[in-house]
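User: Could you take a close look at the charged side chains in this model and walk me through how they pair up? I would like the cut-offs as you go.

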Amino acid sequence: MIEVEIDKSSGFCFGVVTAIESAERELATTDTLYCLGDIVHNSLEVERLQRLGLRTIEHDEFATLRGQKVLLRAHGEPPSTYETARRNGITIVDATCPVVLRLQRKIHKCYEERKAGGAQLVIYGKKGHAEVNGLVGQTDGTAIVIEKTEDLDRLDFNRPIYLFSQTTKSLDGFQAIIAKIRERIADGVAFEYHDTICRQVANRLPHLKEFASSHDWVYFVAGKKSSNGKMLFEECRKANPRTFFISDADDIREPLPADVRKVGVCGATSTPKWLMEEVAERIKSVNMTSL
């Protein structure tokens, strides 16, 4: 008999929950609500909200709107977005995650205080990610985005460096960046780092590793666009090589190997609980004939 367990700590973080609740609340009183970018990096949840009237737009379409209501998702936006809204009479429903909002303010303050001294503001994060774009916007576009240690060659180690992190990056990766900068920074040159990684995300890692290693087989459920999902999946796979990335219950087509008895289902901060439940049911139905 195959036992299927859903990880209780997986699923939406509070920032995503708040954004979705904001959208549902607005859609209860209006037929159409615009959202700047996917509200969450999970296509199935986006489609569910679209059926309620949420319409996803990108920045080029946003700039053409007049007098509409637009939701800003948890990832946050640069100051230029708010200026466009003010100029075009757009009503903003601001669902920026409080953790991201605090980080934006911290980076902007650092930039204003240090720019005259030739400081380099560095953000450890995924280039082009919505949150990172919002963070770079706090520095008038001057922040340097570092994705891996090899990118550090772009820095001038004879000038001060102030390091921040995208909220959903791994602590291990951040520590590796810090160590490499310390090795290369010139004597007497200022180097400060600010650990701005969200602990609700970071604290999931030890639990997820334990969860993955305690099962014979693991399905990690996340959207293909989810940066957080890719990171958490890799950590799960390190703990259990029989961890497999899926985005939909329909991705499961074949019965599990005969030696599998305990199956785990877990996911990213952008993975809805209802989707993990569908995956669990799919596992049971596909393996019914092999029980």
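Analyst: Happy to. Glu235 and Lys238 form a salt bridge, with 3.4 Å between the closest N and O atoms; the term stands for a side-chain nitrogen of Lys or Arg within 4 Å of a carboxyl oxygen of Asp or Glu. Both residues belong to helix H10, 3 residues apart, about one turn of the helix. Helices (H or I, at least four residues) and strands (E, at least two) are DSSP runs, numbered from the N terminus. Glu235 counts as buried because its relative accessibility is 9%, while Lys238, at 63%, counts as exposed. Here buried means under 20% relative accessible area, exposed over 50%, and partly exposed in between, with a 1.4 Å probe and protein chains only.

Before going further, a word on the basis: this is a predicted model, in which local features need pLDDT of at least 70 and side-chain atom pairs count only at pLDDT 80 or more, whereas totals for chains, interfaces and linings use all residues. Residues are numbered from 1 along each chain as its sequence is written, and side-chain values use heavy atoms, leaving out hydrogens and water.

A second pair sits within helix H4 (residues 79-88), where Arg87 and Glu83 are 4 residues apart, about one turn of the helix. Their salt bridge has its closest N and O atoms 3.8 Å apart. Arg87 is exposed, with a relative accessible area of 53%, and Glu83 is partly exposed at 32%.

Lys225 and Asp38 are joined by a salt bridge of 2.9 Å, N to O. Lys225 is in the loop between strand S10 (217-221) and helix H10 (227-239), and Asp38 is in the loop between strand S2 (33-36) and helix H2 (43-52), so this pair ties together parts that are 187 residues apart in sequence. Lys225 is exposed at 53% relative accessibility, but Asp38 is buried at 16%. By the same rule, the count of salt bridges comes to 19.

Helix H2 also holds Glu45. Glu45 counts as buried, since its relative accessibility is 2%. Leaving out residues up to four places away in sequence, Glu45 touches Phe12, Ile20, Val40, Pro272 and Trp274, where contact means heavy atoms within 4.5 Å.

Phe12 leads on to Thr269, which is in contact with Phe12 as well as Gly11, Cys13, Val16, Val201, Arg204 and Asn228, with neighbours within four places in sequence set aside. Thr269 lies in the loop between S12 and helix H11 (273-286) and is buried, at 6% relative accessibility. Its C-alpha is 9.9 Å from that of Ser227, although 42 residues separate the two in sequence.

Asp250, Asp251, Glu277 and Glu278 gather in a patch of negative charge on the surface. Patches are made of residues with over 30% relative accessible area and no salt bridge, and like charges are joined within 9 Å. Asp and Glu count as negative, and the place of a charge is taken as CG of Asp or CD of Glu. Asp250 lies in the loop between strand S11 (243-246) and strand S12 (262-267), and is partly exposed with a relative accessible area of 48%.

Conventions: Patch = residues over 30% accessible without salt bridge, like charges linked within 9 Å, V, L, I, M, F, W, Y side chains within 5 Å. Areas by Shrake-Rupley, 256 points an atom, 1.4 Å probe, with all protein chains shown as cover.
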